[in-house]
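Take a first look at the model below. Then follow the text from one spot to the next.

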Amino acid sequence: MALVYAPDPGTLPDEQWEAIYLSSRDASAAIPINFITQPGVHLTPACFANGVYDDIPAQTCISNLLALQFHRFVVDLYWDTINRQLSLCPVELPPLAGNASSGLSVDVSALSSLTATTTPVAPTTSPTGGSPVKRQTEDSSLSTTTPTPNMTTTATSTMPASIPTTTGVGGNTLLELGNYRCSLDLNLDSIISLLSSFFSNTSDTLSVRLSYLDLNLHAAAPFTAPGEPAGNVTGQKLPILEELAGSQLLAAFPRALFTPEQLANDRLDLGRSWYRNSFSQSTDTSYFEELRGLRNNNFTLDGWPGEAWLLLSDNRRLLASWGHIDPQMQLYNFQEDDANVFPPGYINADTNISVADTNSIETGCFYRPDEFEASQINSSWATATFRESIPNALSDTIGNLTSCGISSILNSSLSGTVTQDNLAPYKSFAEATIFGWARGEPRNVSRQGGGRSDNTNRCAIIDSTSGFNGHWRVDNCQSRHRVACRPQRQPYVWNLSTISVPFGAAADVCPDGSAFQLPRTGLENTYLYQRILSESNTSNTNDANSMLEGVWINFNSLDIANCWTSGGANATCPYVDESSEQRERNVLIPSIAALIVLLLSVLTLLVKCNENRRNSRTRRRGENGWDYEGVPS
């Protein structure tokens with residue numbers, strides 16, 4: 001079934017959270033995407049924990065997760081050899097005869113046709129141990145004997161005569177296959193159609209964002225024994241070229257898919273790729289090693305582009321990678337998909353962590369007090385997976401992981417329910433991954449009136465007191481604070497100005513060799529926070545309290561309310577203002593221009609007519625008494 005992006009209204013962010021999500025994306029815009037922390041989720045426990053693979057609930061669940069700002073989706077795909085599809089249902093779907101009203105049964109003639117040309121395969125051992133799994137016909141469930149060459153097999157007496165069914169939410173038929181109830185066509189194409197709809201609905205510069213697919217590849221269990229493991233998939237039972245996951249994704253998203261092949265090409269010549277302006281910022285290359293080529297070109301072996309470059313300059317929306325691969329699917333044609341799908345572990349690196357009773361990260365955190373070089377602090381694609389629900393401490397733990405440079409991945413049904421039945425815990429999970437702003441910040445600034453004179457509380461400080469612990473809040477731009485400064489190409493090194501100034505003077509007081517800057521990731525922010533704590537410990541009481549209560553960071557919304565920029569006090573919002581004042585101006589300016597053009601045209605015509613009259617050698621009277629000079633056209 002073709003799914004569409006249709007989230008529940010409760011998932012859409014309010015005005016404040018819109019500002020939070022947009023400002024967080026823009027703060028990290030130049031950071032290579034492998035160092036940006038994003039929330040992720042396993043679809044099976046979040047959407048299908050009840051064993052129901054129904055079209056409409058699946059559409060609602062995935063749409064809700066997208067709307068809640070989850071970026072990474074771990075999808076379990078099951079290769080169904082009978083229907084030759086990458087299905088979401090863990091069990092193969094049998095060929096059916098009959099209809100929902102009279103009952104459905106296995107189409108024995110279809111099974112005979114499927115198995116007649118199947119190449120026999122020797123028995124193999126079950127990947128989970130125990131007795132051998134016999135390779136049979138087109139799929140291990142179709143017969144209890146191994147076919148011989150030139151032999152047409154038929155269904156045996158163990159074949160279920162009928163398939164129990166139930167009715168789905170949308171009135172569709174679901175097959176009852178052991179512990180699962182499965183739609184007839186919920187598959188990879190369903191995910192693709194929903195993502196396509198999502199991309200169409202979030203294609204403007206304000207809402208566009210990257211998505212990641214981690215694909216776990218399984219062999220579907222036989223429908224005659226849904227609880228048993230599948231046999232090895234070999235020979236003609238394997239997917240052909242157009243059935244491969246990467247082929248399907250590239251065919252659906254020829255432009256939006258960012259592939260390993262594209263990454264390799266971009267790395268060869270940075271001048272032709274990531275050095276190009278990306279809306280307002282180029283990729284920050286201080287996070288990876290740049291090399292000089294024989295043709296005097298800059299290239300990299302390990303770098304990644306910034307998110308703004310991918311989204312706003314190169315118009316990419318999606319990255320896909322392999323996750324867990326079942327032993328039964330080892331003969332899948334991964335080589336053909338290498339150009340389109342990243343290999344396992346390439347864009348996700350599970351990190352071993354331990355959490356203290358205080359919810360702090362004891363081991364695995366990438367903040368290291370004595371290390372400041374980006375090459376030493378390699379948090380590239382770092383993830384931590386939650387396999388248990390910890391409702392009381394979850395938000396604090398997730399926030400601490402973000403501060404450590406680690407993305408949180410959910411592999412559990414929160415509060416024992418799927419997303420479409422209970423949004424709240426999943427929403428809290430995604431919100432907890434946001435770095436920077438303290439709870440309740442940035443305080444809402446009215447859009448009415450616009451301009452710089454209506455409100456001066458549009459500048460950001462990092463507050464290191466016990467109530468904020470290094471999170472950001474807005475402050476009056478005329479207040480006086482120390483300034484956060486960073487040397488060029490050293491993302492984890494921070495200096496503080498020696499004097500306190502208003503926000504407008506912040507850029508003028510940074511120490512030599514550094515500039516007024518903004519923490520762009522949770523880990524950069526942690527290094528700044530710890531620097532403030534360290535310096536306050538060596539200062540007198542007044543200076544220490546002043547630093548803890550607030551240090552300016554390069555973030556303000558002076559130009560347009562709720563549009564946060566990092567270009568200093570005179571920065572302008574990079575997005576089009578859709579206020580009524582702007583719309584009136586957009587209409588007024590073309591109208592004035594049109595009047596000017598019309599006036600100039602009339603004057604030109606009069607001058608030309610006068611010149612023609614002087615130079616004319618013939619005159620004749622035309623219709624209606626008009627005089628034409630020269631030869632009438």
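Where is aspartate 76 placed? Aspartate 76 lies in strand β3, residues 72-80. Helices (H or I, at least four residues) and strands (E, at least two) are DSSP runs, numbered from the N terminus.

This is a predicted model, in which local features need pLDDT of at least 70 and side-chain atom pairs count only at pLDDT 80 or more, while totals for chains, interfaces and linings use all residues. Residues are numbered from 1 along each chain as its sequence is written, and side-chain values use heavy atoms, with hydrogens and water left out.

Aspartate 76 is buried yet has no salt bridge. Buried means under 20% relative accessible area, exposed over 50%, partly exposed in between (1.4 Å probe, protein chains only). A salt bridge is a side-chain nitrogen of Lys or Arg within 4 Å of a carboxyl oxygen of Asp or Glu. The nearest side chain of opposite charge, arginine 387, is 11 Å away. Here Lys and Arg count as positive and Asp and Glu as negative; His and the chain ends are not counted.

Which side chains does aspartate 76 meet through polar contacts? Its side chain makes one with the side chain of asparagine 216, at 3.2 Å. Another goes to the side chain of histidine 218, at 2.8 Å. A polar contact is a pair of N or O atoms within 3.5 Å; within protein, one must be able to donate a hydrogen and the other to accept it, and residues adjacent in sequence count only if both atoms are side-chain atoms.

Move on to strand β12, residues 211-219. Six bridges join β12 to β15, and the two run parallel. Two strands pair if DSSP finds at least two bridges between them. Leucine 217 stands opposite isoleucine 325 in β15. Six of the eight residues of β15 (residues 318-325) are buried, so this strand is largely enclosed by the rest of the structure.

Now turn to an open sheet of four strands. The order is β2-β11-β10-β9, with mixed pairing. β2 (52-53) and β9 (165-167) stand at the edges, each with a single partner strand, so one side of each is left without a neighbour in the sheet. β2 pairs with β11 (residues 180-183) in the parallel sense, over two bridges. Tyrosine 53 has cysteine 182 in β11 as its bridge partner.

At the start of α13, a side-chain oxygen of asparagine 540 reaches to within 3.2 Å of the backbone nitrogen of asparagine 542.
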